[in-house]
Each structure stands twice: as C-alpha cells, then as structure tokens.
Amino acid sequence: MSEFWLSLISGISNGAVYGLVGLGLVIIYRSTDVMNFAIGTIALGCMYLALGINAAGIPLALALLAGIAACSLIGVGAREVVIRPLGPGALFSALVVTMGLSLILEEATRGIWGGEPRRFPSLVEGSLTIGGATFTNQRLLVIPVAAVAMLGVAYLFKKTPLGSAMRAVAESHDTATLLGIKPQRVARVAWALGMGLAALGAAMVAPTIGLAIGGFAAILFRSFAGIFLGGLTSMYGAVIGGVIVGVLDNLAATYVSASWRDTFVFSLVILVLLVRPQGLFGEKTFARV
Amino acid sequence: MRVASVLAVALMALGVAACGSDDGGSSGGGGGGDTIKVGAWFPLSGPVAASGIPQKAGASAYFDQVNAAGGINGKKVKYSTEDNAFDPQQTIQAARKLVGDEKVVAIVSANGTATTAAAFPYVLNQAKVPIINTYGGAGDWYKPPRPGLFGYQALYEEQGAAAGAWAAEDGHKNIVVVRSDPAAFAGVAKYVGPGAKSVDPSVNVTEQVVKFQTSDYGPIVGQLKGKNPDAVVLILAFPEAAAFLKQAKLQGLKVPAYGYAPTADEGLIKLAGDAANGFNAVSLTKPAMDPSPEMEEYRAALKKSAPKEQPSGNSAASFAAAKAFGEVLKTIKGDVSSQSISAAFTKGGTIETGILPPLEYSKDKHLGATQVQRVTVKDGKFVAEGEFITPPPVVK
C-alpha cells in the first residue's frame with residue numbers, strides 16, 4: 001500500500017510543477033498567441049541566478065523571489081526584443097524564435113555557471129510519512145504552492161480589471177483595442193506572469209532534481225502534455241492536465257512498467273485528444289467560412 | 001521563374017558545400033612544423049553534457065599544461081574540440097571538420113561508443129587518422145585489433161562485471177540491477193550477473209529497468225523494496241544514480257549500492273549529499289581528490305586551464321588519456337603524422353600516468369588496460385579501496 005501512496009502523492013507533487021509551468025505557457029499563449037519554448041531554459045537559468053544570490057549570503061526565500069522576478073523581467077525583455085518585432089500572426093516564426101532563444105540561453109547559462117550539476121537547497125527541511133511512504137516537506141510544499149498560485153491567477157482573471165483586459169485580448173485582439181485596452185501592455189503583463197509561474201515551478205522542483213543544463217527538458221515535455229490534455233485555452237485545464245500527467249506517469253511506472261511510463265501516459269493523452277481534440281477543459285472553436 | 005532561381009541557388013550552395021568538404025583518402029597532415037594538431041568530439045550539449053564538459057576540460061588541461069612547459073619535443077599541441085551532442089550524425093560532421101578541414105593527425109580522448117564508432121568508416125578507414133583513448137569502447141573495437149584504434153579503459157561491460165563481482169564478494173545474495181532502458185545500459189547490465197556469479201554461483205541477480213532521464217525515483221524505490229534486495233547495482237547516468245540514492249535513503253531502503261565508472265563522479269556526491277555515503281563504484285582512475293603527486297598535478301592543471309571545473313572522475317580520466325597519448329608522442333623522432341603515431345603505439349612498452357592503471361600497447365594489443373579502481377564514498381568524497389583490480393573474465 002505504501003507503494004500506492006508514494007506513487008500518488010509524488011505524482012501529484014510532480015504534476016503540480018507541470019501545472020505551474022503549463023499555466024505559464026497557457027497564459028502567454030492565450031494573450032499573445034506565442035508558444036514559448038524558451039520558458040524552461042529561462043526559468044532554469046534564473047534558478048542558477050537564485051543559487052548564486054543565496055551563495056552570496058542572501059536568505060534563500062529572498063534569493064528565490066529575486067530569481068522569479070528576474071525570470072519575469074527576462075521574459076518580458078525577450079518578448080519585446082525578439083517576439084514583438086515579428087508582428088501579429090507570425091505563429092510559426094515566433095515558435096522557431098523561442099526554440100532558438102532556448103538554445104542560445106542554454107549556452108549562455110553553461111558559459112556563466114559551468115556545466116556540472118549543482119545541488120539546490122530546500123526551502124523547508126524535514127520529511128513526513130504518509131501511508132508508509134516518506135516525502136520531503138519540500139516535495140509536499142509544491143502542492144499548496146501550486147494551488148495558491150492557481151487560485152491567485154483565477155482571482156486575477158475573474159475579479160480584476162487587468163484580468164478582464166487579459167481575457168478580452170485573448171478573445172479578440174482587435175475588439176479589445178477598440179474598447180480602449182492596450183494589447184501591448186497586456187502582452188507584457190502576460191509574459192511577466194507566465195514566466196514568473198514557470199520560475200516558481202522551477203524553484204519548487206530544483207531542490208529535488210538539482211540544477212543541470214538541460215535538466216528541465218523532461219519537465220517541459222510533460223507540461224506540454226498537460227496543457228494539451230487539459231486544453232490549450234483553459235487555465236484550469238493546464239493545471240489539472242499537468243497533475244493528471246504527473247499522477248499517471250508515476251502510477252504507470254509502478255504498476256505497468258518503469259521503462260514504458262512515457263508511452264503509457266502519452267498514449268492516453270493521444271486517445272483523449274482523438275475523442276476530444278480541444279482537451280478535457282478546452283473550448284471547441286468554430287470559424288465561419 | 002522564381003522557383004527556378006531558388007533551385008539554382010540551392011544547387012550552387014550544395015555544390016560549394018561538397019567542394020568545401022574533406023578531400024578523403026588522405027591522412028591528417030597537421031603534424032609538421034611547430035604545431036601538432038589533434039582533435040576530439042565531446043557531448044557539450046544534450047543529455048550527457050554533464051560528462052562531456054568535464055572530459056573536454058580534462059584533456060584540454062593536459063595539453064595546456066604541456067604547451068605551457070614548451071610542448072612535446074619542442075612542438076606545441078593544438079587541441080581542437082567539437083560538440084557532437086552525443087549524436088552519431090553530428091559526430092561524423094565533427095570528424096569531417098577536424099580531419100578534413102583542420103587536418104588533425106589524431107583524434108585523442110574523444111567521448112562516446114556508438115558516436116565514435118559512427119566515425120570509424122571516415123576517420124579510420126578513409127582518412128587513416130588514428131583514434132586514441134576514447135572514453136567508451138566496445139568489445140569488437142579491439143578484438144581483433146583495428147589499425148589506428150587504441151583504447152585505455154576497461155569496457156563498460158567489464159565495469160558492470162566488476163561491480164557485480166564486488167557485490168558478491170561482500171556476501172550479497174539477492175542483487176537487483178537498476179538500469180536505464182537504452183541498449184547501451186542494457187548491454188552493461190547484462191554482465192553484472194555473470195560477474196557476481198563468477199564469485200558466488202548461488203547469487204540471484206534480477207533487473208529493474210527505468211526510463212532514461214527519470215528524475216522521480218520514488219516509485220522505483222517503492223517497487224524495489226518489494227523485491228527485498230541485499231544490494232543494488234546502478235547502471236545509470238550519475239545524476240539519476242544520485243536521485244536513486246536520495247530516494248533510497250528517504251524511503252528507508254538500506255542496502256549497499258554499487259555502480260560502474262560513470263557513477264564514480266564527484267557530481268554524484270554533490271547531488272546526493274549525505275545519501276551518497278557508503279556508495280561503492282568501480283572507477284577508471286584513482287579518486288579525483290586522491291593525495292598522490294600525479295593527481296595533484298592533474299588538479300593543478302585543471303584549475304589553471306578550466307577554473308570553473310571541479311575535479312571529477314570524468315576530467316581525471318580524459319586528462320590521463322591525453323597524458324598517455326603525450327607520453328607516446330614523446331617517443332616519436334622527426335615528423336609527427338598519423339602513421340608515426342600509430343607506429344609508436346604498436347611499438348610496445350608500458351605507459352605510467354599515475355592516474356590510470358599501467359597501459360601496455362603492442363601490435364596485437366590495442367586496449368592498453370582493463371583494470372579498474374574500487375572507490376567508496378566516505379565523508380563526502382570518493383576514497384580508493386586497494387589498488388587497481390582486473391574484472392572477472394566474463395565478457396566475451
């Protein structure tokens with residue numbers, strides 16, 4: 001039975017990270033139509049920065065906040081410098097640009113901090129035993145942090161003027177402009193928020209997996225699976241999809257096969273998309289011809 | 001008309017690229033004059049960059065040290081490196097650049113088994129440039145010996161057998177081999193059982209296969225507890241071995257763990273912290289922090305050449321591999337060419353680096369050594385357990 005609790009709870013914890021990163025991806029996508037492949041590399045690079053700040057004597061919590069803030073700023077900067085000049089509607093070009101940006105920033109991170117993996121300190125120490133399985137408190141912390149982040153984002157989008165403006169821009173760029181909403185300002189906020197959420201996810205998982213160049217690739221891969229499963233247009237879907245992927249991944253490793261876990265999970269995602277192409281929580285869109 | 005223009009430009013570009021590529025059929029020519037040109041490929045990006053980067057640093061540190069002391073027989077060594085991203089196709093491109101464009105006389109201390117093998121047809125067969133002391137290797141590389149191909153390390157399979165034998169010597173009867181799923185790891189894991197059984201035929205050895213690049217070893221450890229092992233042998237990349245050790249400690253799986261040479265890396269200790277204490281591995285070299293003069297020389301050279309790199313098994317191995325090449329180079333009188341390098345290796349003799357076991361090459365023996373060093377993590381660092389030992393002879 002402890003195997004089950006181990007798989008389930010660590011799966012939820014992993015899924016919470018995928019959900020945070022996925023939420024960041026969806027917020028950026030919905031507001032600016034850009035699928036940001038550089039999100040993982042920037043978030044990871046900012047965790048190296050946070051580690052450096054902490055090593056200089058700054059308390060870890062503050063160093064993490066600095067890392068998250070840096071990630072938001074770098075994200076906005078990247079959007080202004082390399083994405084915005086592409087103009088509206090350049091979906092494929094923007095995709096390729098973010099891929100290129102990811103490779104460049106990966107090399108830059110390696111050049112600054114070196115290639116060897118590094119240990120990342122935990123925000124909270126200690127462990128808890130649940131159902132015979134033991135979890136670090138850091139691992140368990142991810143779950144409420146992701147839940148609070150999601151609730152915070154939901155509140156922002158449903159109850160604040162800024163959130164309404166972001167939803168309006170996501171629905172229709174032109175109509176939002178006619179209503180007096182500044183789409184470029186909204187885009188900057190969306191990138192800052194999306195990148196910040198991804199950095200928060202990286203900050204939560206770094207103590208468990210350490211920092212290594214390219215070490216975020218598997219997490220980004222599963223985050224993408226989560227947003228496609230949950231629905232590219234749904235913020236709830238991004239988080240719930242991420243959690244589903246995390247749990248299924250671990251349950252597959254335990255009860256099916258540890259080497260076929262990816263195959264099992266992604267086969268399930270494909271099956272769902274065949275039945276419901278918009279994802280579990282996404283909205284079907286129609287275009288009049 | 002527009003399509004025709006684009007097509008014409010594309011064909012011209014292809015033609016220019018074809019003309020610019022290697023001439024083929026000739027040996028590297030970069031050994032005359034004051035400079036000896038050698039090269040290598042390493043995975044500096046991608047999933048095994050954590051090993052490739054320190055390996056590049058180690059070999060480069062040796063050549064930087066040698067050049068600072070005046071070179072070899074008065075000639076400086078130019079060591080050119082390329083990123084192969086652990087991909088066979090990119091390795092071939094790297095080989096064409098090094099051999100065809102830069103005219104290196106040898107490939108020294110490169111990385112990778114499948115990747116380096118992909119370059120054999122071009123480098124060894126066509127260009128007749130020797131490949132010396134690759135980090136990696138397979139049984140069929142040296143039996144029978146191939147012209148121009150020389151190695152310095154125990155094969156991965158022999159390392160697996162040595163790890164299994166060690167676990168059996170320590171009295172463990174129920175050993176589980178935890179390995180990543182790609183074929184490269186499967187091939188190594190296959191010999192852990194025979195290695196263990198060469199010591200004690202009654203040992204039971206089973207496998208636990210894990211998806212490559214797994215970061216959450218919780219479910220794996222949970223499953224392992226159900227198998228009740230006495231010991232585990234980890235055939236994993238070192239970051240994954242570290243993740244395993246951390247989870248094993250957390251979940252109370254208190255069994256000795258053994259690993260092969262890629263796990264004998266200081267990076268494992270950094271990532272696993274306290275959980276690494278007691279971990280046993282077979283290493284290609286003496287521990288990176290060993291107090292011997294030769295290891296001190298290596299650490300000093302690394303600090304000067306690559307200040308950001310920490311001493312590690314990976315960089316020590318490639319430093320020593322390059323050093324062994326340098327020792328052979330010193331015996332060459334006159335022009336250094338691909339042919340004279342191969343001839344010097346086959347002349348025979350023992351090379352002592354003080355980091356690797358003694359290396360012996362000859363016309364019929366192109367694999368310099370097969371011995372490994374047992375190391376254990378004590379108080380946060382790898383410590384040597386005895387001298388170099390020969391793995392059990394179970395690998396065909």
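The dialogue below walks through features of a predicted model with chains A and B.

Biologist: What should I know about the numbering and the confidence limits?

Modeller: Residues are numbered from 1 along each chain as its sequence is written, and chains are lettered from A and ligands numbered from 1 in the order in which they are written. The model is predicted, local features need pLDDT of at least 70, side-chain atom pairs count only at pLDDT 80 or more, and totals for chains, interfaces and linings use all residues.

Biologist: Which helices and strands make up the secondary structure of chain A?

Modeller: Helices (H or I, at least four residues) and strands (E, at least two) are DSSP runs, numbered from the N terminus. Chain A has eleven helices and two strands. Along the sequence they follow the pattern α-α-α-α-β-β-α-α-α-α-α-α-α.

Biologist: How many of the residues of chain A count as buried?

Modeller: A residue is buried if 20 or more other C-beta atoms lie within 10 Å of its own, exposed if 12 or fewer, and partly exposed in between, with C-beta atoms placed from the backbone. Of the 289 residues of chain A, 53% are buried. A:Gln184, in helix 8 (residues 183–209) of chain A, is partly exposed because 13 other C-beta atoms lie within 10 Å. A:Gln184 is 100 residues from A:Arg84 in sequence, yet their C-alpha atoms are 8.8 Å apart.

Biologist: What radius of gyration does chain A have?

Modeller: The radius of gyration is taken over C-alpha atoms, and the globule rule is 2.2 Å times the number of residues to the power 0.38. For 289 residues a compact globule would be near 19 Å, and chain A agrees with 19 Å. The C-alpha trace of chain A spans about 60 × 50 × 35 Å along its principal axes.

Biologist: How many residues of chain A are in contact with chain B?

Modeller: A contact means that the C-beta atoms of two residues, placed from the backbone, lie within 7 Å. By that rule 29 residues of chain A are in contact with 32 residues of chain B. Helix 1 (2–32), strand 2 (133–136), helix 10 (235–255) and helix 11 (261–275) of chain A each supply at least two residues of the side that touches chain B. Helix 1 of chain A gives the largest share, six residues.

Biologist: Which domains does the assignment give for chain B?

Modeller: Domain bounds come from an automatic or database domain assignment. For chain B it gives domain 1 (35–154 + 290–365) and domain 2 (157–283 + 374–384). Their C-alpha centres lie 29 Å apart, and the contact takes 14 residues from domain 1 and 14 residues from domain 2. Helix 2 (49–68) and helix 13 (313–329) of chain B are the elements that give two or more residues to the domain 1 side.

Biologist: What is the strand order of the open sheet in chain B?

Modeller: Strands of a sheet pair through backbone hydrogen bonds, either parallel or antiparallel. Two strands count as paired if DSSP finds at least two bridges between them. The open sheet of chain B has seven strands in the order 7-6-8-9-10-13-14, with mixed pairing. Strand 7 (204–210) and strand 14 (381–384) of chain B are at the edges with a single partner strand each, so one side of each lacks a neighbour in the sheet.

Biologist: In which sense do strand 8 and strand 9 of chain B pair?

Modeller: Strand 8 (residues 231–235) and strand 9 (residues 257–259) of chain B pair in the parallel sense over three bridges. B:Val232 has B:Ala257 in strand 9 of chain B as its bridge partner.
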